[in-house]
Amino acid sequence: MVKPQLTAALFIVLFALSPAYGDFDSLQLVLTWPASFCHMNDCVRIAPKNFTIHGLWPDKEGTVLQNCKPKPNYSNFKEKMFNDLDKHWIQLKYDEDYGEKEQPLWFYQYLKHGSCCQKMYNQNTYFSLALRLKDKFDLLRTLQTHKIFPGSSYTFKEIFDAVKTATQMDPDLKCTKGAPELYEIGICFTPKADALIPCRQSNTCARTGKIFFR
C-alpha cells in the first residue's frame with residue numbers, strides 16, 4: 001500500500017512539473033488597419049495611414065490565453081517609451097491627454113494578454129518586444145508592392161499571398177463581422193519570438209469573393 005505521505009509528495013512533484021496556467025506555445029502580433037478600426041469605432045485621434053499594433057497575444061494549442069493569474073501590476077509609461085507606443089500602438093479612441101494619463105488600451109492589453117506570458121516577459125519587455133516585432137514589417141508597403149491599395153477590394157488569396165512574402169509563414173487575416181473588410185493581420189512567432197511560425201487561422205475572412213481594404 002502506498003503511504004499517504006508518499007502519495008502527497010508524489011502529488012506535489014507532479015503538480016510542480018505540470019504546465020501552469022498561462023504557459024503558451026506561440027505569440028501572435030496583431031496589427032490593425034486603422035481606417036477599418038475607426039469605421040467600426042468612434043475614434044478621437046487621427047487614424048494613421050499604416051498598420052498599428054492591436055496586441056501581442058500568447059496562444060496555447062489554438063486558444064488565445066486571457067486574464068492569467070497572478071494579475072500583474074501595470075505602471076504608466078513615460079517619455080521615450082510612451083512616445084514609441086503612442087506612435088506604433090496608438091490609443092485611437094482616447095484623446096492624447098487622457099491616453100497619456102490613464103493609458104487604458106495598454107493597461108487592458110497587458111492585463112488581458114500580457115498576463116499570460118509574464119513568466120517570460122515583464123511589462124517593459126512585453127511592450128518592447130511588441131514594438132520590435134512590429135518594426136520588422138511594413139505591411140502597407142508589402143501590400144502596395146503587390147498592387148494592393150487602400151480603397152479597393154481584393155481576393156483573400158491576393159492579400160494572403162502578398163503578406164506571406166514578408167512573413168514567409170502563413171499570416172492570419174481577420175475581417176470585420178458581417179462585412180468582407182480587412183480589419184487586422186496576425187503574424188505568429190515562437191514563444192521566445194526568435195522564429196516565425198504559421199498562424200492558426202481565425203477564419204473570419206471569406207475565401208471566396210472580394211475583401212475590401214478600406
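You are looking at a predicted model, where local features need pLDDT of at least 70, side-chain atom pairs count only at pLDDT 80 or more, and totals for chains, interfaces and linings use all residues. Residues are numbered from 1 along each chain as its sequence is written, and side-chain values use heavy atoms, with hydrogens and water left out.

Now switch to a cartoon view. The protein chain has eight helices and eight strands; these are DSSP runs (helices H or I, at least four residues; strands E, at least two), numbered from the N terminus.

Next, select Phe37, His54, Lys93, Leu105 and Gln109. Of the 19 residues lining the largest pocket, these lie nearest its centre. A pocket here is an open set of points on a 1 Å grid over the protein atoms alone, where a 1.4 Å probe fits, with protein on both sides within 12 Å along at least five of seven lines; lining residues have an atom within 4 Å of a point.

Then colour β2 (52-60), α5 (104-112) and β6 (182-189), which each supply at least two lining residues of the largest pocket. Which element gives the largest share of this lining? That is α5, with five residues.

For the last stop, select Met40, Trp57 and Tyr183, which are among the residues lining the second largest pocket. Here β5 (172-175) and β6 each supply at least two lining residues, and the largest share, three residues, comes from β5.
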